[in-house]
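Have the model open as you read.

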Amino acid sequence: MHNRSSSISSVLSIEPHCPTDDILTQKLSSSEIEVLKCTSNVNDKMFLPWIDETDLKEQFSYAKKYLDPEGSLRLSEKQMEKFGGWKRPADIMKYPKLICLISSTSIIQDIVTDCSFVASLCVAAAYEQKFKKQLITSCIYPQNKQGQPCYNPNGKYVIKLVYNGIARKVVVDDLLPVSREGTLMCTFSTNKGELWASIIEKAYMKLMGGYDFPGSNSGIDLHCLTGWIPEHIFIYDKNFVADNVWDRILDGIKYGDVLVTIATGEMTEEEAISLGLVPTHAYAVIDIKMVMGKRLLQVKNPWSHKRWRGPYSHLDTNVWTTELKESLNFDPDAAEKNDDGIFWIDFESVCSNFTSIHLNWNPELFTHRWVLHSVWPEHVGPKKDVYSLGYNPQFSLRVNVPDKKPAAVWLLLSKHIMVTEENTDYITLHVYNNTNGERIYYPGTPFKEGTYVNSPHILVRFNAPPGISDYTIVVSQHEKEHSLYFSLRAYSLAPFRLSEVPMRYSIEQKIHSQWTEQTAGGNACNSTYLNNPQWKITIPNTGSVPVGLLLQLEAQKDFAVHLLLVEGGKRASSVSVRDILAESGPYRHGFCYCELPDIKPGDYTVVASTFEAELLGKFILTVASMVDVQVEAIPAEGAVSIGNSPVSEETHYLHCVYRVCSRRCFMVNGLLDTVQWDVLVLETMARIHAIC
């Protein structure tokens, strides 16, 4: 890795980038290069980023047959039961070829539990066959001058796969697992001597840790094989609209811009037999038609046998009119005699009997693309971000739509995975608008709220309005257990700028304290408010360099908490409205913050309170700045008044009514309606003005 690292850094040079450039010309920052280096170690093997300048010059000819120095792959239990040895194609085939004829119908899944991967191969092969464009075959090397993969008698192949944020190089030999009877025990082609499916599968299984791969889903697999954008649609989701999904699929298929696979969920043995379906199984959609007002899909079972038995199957004699047979070029009588696993099914039956639709979209649909690679360290921030997003990775997105129509924006979050195991990380993306692209702290209500799923890929889609709009994108985990390495990709039809929102305040002090019987003073309406814990904060003089200050208060979730900052640096016995420099707004459960982006040098007092008095419990006050500020607790003795004049009881009451009530944070015994509330606020403000 170290030998290659210098070459990676020199090729992917570190330069200030313009986030409206195409992704193909993007330069990586030093931190991004470190992320990609770290996640090159997958299942205890190194898979380095693909670099055209070196990898297209790979040596494929040797004096001896090539043997992978990293050894043989682990086999699955079913393979081990029948295993006869590792054989080269020339040992079991008369005339081995890499490609005879790219066809989805010739690919057969054997006993490896990778139905989603084989379904992906079938879909990609159907695409090449239909549109006469390279897709799956473009990732296999060596290639001839025309860019076509070719058979290598020396037995060495290099496969280019997209994994952990970038295209990576996977090197394999051509030794394939064979049974004691001499038959292949991996995915193979029914075309005599054809190898491409077996070789690509071996490379993918090497990346996944071996042939004992537990399986994933076709959206993940197709993204790895092609780099196309994965979208996982849950059919039983409350937001699923069948008509909209069908229209999108049909439009994408028409121009060759989408690959489609479908998957079943759990079902009983009786249901599976009755329907002709396999539980928790992936299927390839190799054609889609709208015929005579019917929405129909041609589907292939990767096993190449066992077919759908419901509407529009070969058994449904009621629907197969002469016109429909001719339109679909399908003969149900012939199909009944030959179970090749291929069948027709209507879209309504898919929605009723399958659980997921996986779409992979051509990234070239979008004229503007960008990607950032980052890490969310385990030790940064709380395990759950229910109350505060302050420590979450956040990104600023500015979209400039020059037309009068909105422009599509797609965001893809891809988790980097270093060990193939059950994925227990539930992650998502939230998009907030009207933020000026700045860091946000309160979860609130996002413009686009993501759903937490245990998939490595999360896609969020929305339309940006005409003109310039700013968003803050937040990466979130349901519960953070370890560091999260990830890539964030943005795609749009309009120019945009995507950048990471930095943690502005690099120096933090965490003060662990508590509200006790003596210091649990409650909100400002209580005479005991100023018994609350207080601290003196001293901001140093840095000359002309502006200094910002961020205060955060974390408490148990059932405590409504508040922060107040005033000048002075001495213990406050009373506070007038005019003295308040910053506060955290309405009392909030579990967390609150206040921020001054530019604070003058001097001494200040901060007060931490709960809404209810006499609430006893621990809390953490975090004082953050870009300079080293001094923080010290202010003892209760010797309290003084903050402000220029004494404050009467009435003024104190009006102040607290204004601070608490005007923000509608709590209703008074639930007796005031909205109109009464607004009247009270206006009257209070008028009385404060008259008194002060």
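This is a predicted model: local features need pLDDT of at least 70, side-chain atom pairs count only at pLDDT 80 or more; totals for chains, interfaces and linings use all residues.

## Ground rules and overview

Take the contacts with a separation of 6 or more: 78% of them link residues 24 or more positions apart.

## The biggest nonpolar core

Start with the largest nonpolar core, which has 55 residues. The residues with the most contacts inside it are Ile107, Leu121, Leu161, Trp196, Ile200, Tyr204 and Leu207. Helix α6 gives the most, with 11 residues. Domain 1 (49–223) and domain 2 (230–361) both supply residues, so the core lies between them.

Setting aside neighbours within four places in sequence, Leu161 is in contact with Ile166, Ala167, Arg168, Val170, Ala203, Tyr204, Leu207, Cys224 and Leu225.

## How α6 meets its helix neighbours

First up is the pairing of α6 with α8. Their axes come within 8 Å and cross at roughly 55°. Angles from 65 to 115 degrees would count as roughly perpendicular and those under 35 as roughly parallel, and α6 and α8 are therefore oblique to each other. The crossing is right-handed. On the α6 side the residues involved are Ser116, Phe117, Ala119, Ser120, Leu121 and Val123, and they meet Ser218, Asp221, Leu222 and Leu225 of α8.

Then there's α7. It packs with α6 at an angle of about 135°, with the axes 11 Å apart. That makes α6 oblique to α7. Here too α6 passes in a right-handed crossing. Phe117, Leu121 and Ala125 of α6 make the contact with Trp196, Ala197, Ile200, Glu201 and Tyr204 of α7. Phe117 and Leu121 of α6 turn up in both helix contacts.

Is Lys202 buried or exposed? This residue sits in helix α7, and with a relative accessible area of 7% it is buried, because the cut-off for that label is under 20%. Beyond residues up to four places away in sequence, Lys202 touches Leu73, Val172, Asp173, Leu175, Leu176 and Tyr211.

Leu297 belongs to strand β13 (residues 294–300) and is buried, at 3% relative accessible area. Phe343 is 46 residues away along the chain, yet the two C-alpha atoms are separated by 8.3 Å. Leu297 touches Phe343 as well as Trp246, Val285, Asp287, Ile288, Trp344, Ile345, Asp346, Phe347 and Val350, leaving out residues up to four places away.

Thr420 is in the loop between β18 (407–415) and β19 (427–433). With 23% relative accessibility, Thr420 counts as partly exposed. It is 213 residues from Leu207 in sequence, but 9.0 Å from it in space, C-alpha to C-alpha. Not counting residues up to four places away, Thr420 touches Asn43, Leu207, Met208, Phe213 and Pro214.

Which two residues does a cis peptide bond join? They are Tyr141 and Pro142, with omega at about 15°. Pro142 lies in the loop between β5 (140–141) and β6.

Two residues other than glycine have positive phi. Thr280 has a phi of about 40°; this residue is in the loop between α10 (269–275) and β12 and counts as partly exposed at 48% relative accessibility. Asn436 has a phi near 60° and is found in the loop between β19 and β20 (457–464). At 57% relative accessibility, Asn436 counts as exposed.

Terms used
Residues are numbered from 1 along each chain as its sequence is written. Side-chain values use heavy atoms; hydrogens and water are left out. A nonpolar core is a set of buried Ala, Val, Leu, Ile, Met, Phe, Trp, Tyr and Cys residues joined through side-chain atoms within 4.5 Å. Buried means under 20% relative accessible area, exposed over 50%, partly exposed in between (1.4 Å probe, protein chains only). Helices (H or I, at least four residues) and strands (E, at least two) are DSSP runs, numbered from the N terminus. Domain bounds come from an automatic or database domain assignment. Contact means heavy atoms within 4.5 Å. Axes are lines fitted to C-alpha atoms, for helices over the stretch in contact, and angles run from 0 to 180 degrees between N-to-C directions. Angles under 35 degrees count as roughly parallel, over 145 as roughly antiparallel, 65 to 115 as roughly perpendicular and the rest as oblique. A crossing is left-handed if the near helix is turned anticlockwise from the far one by less than a right angle, and right-handed if clockwise.
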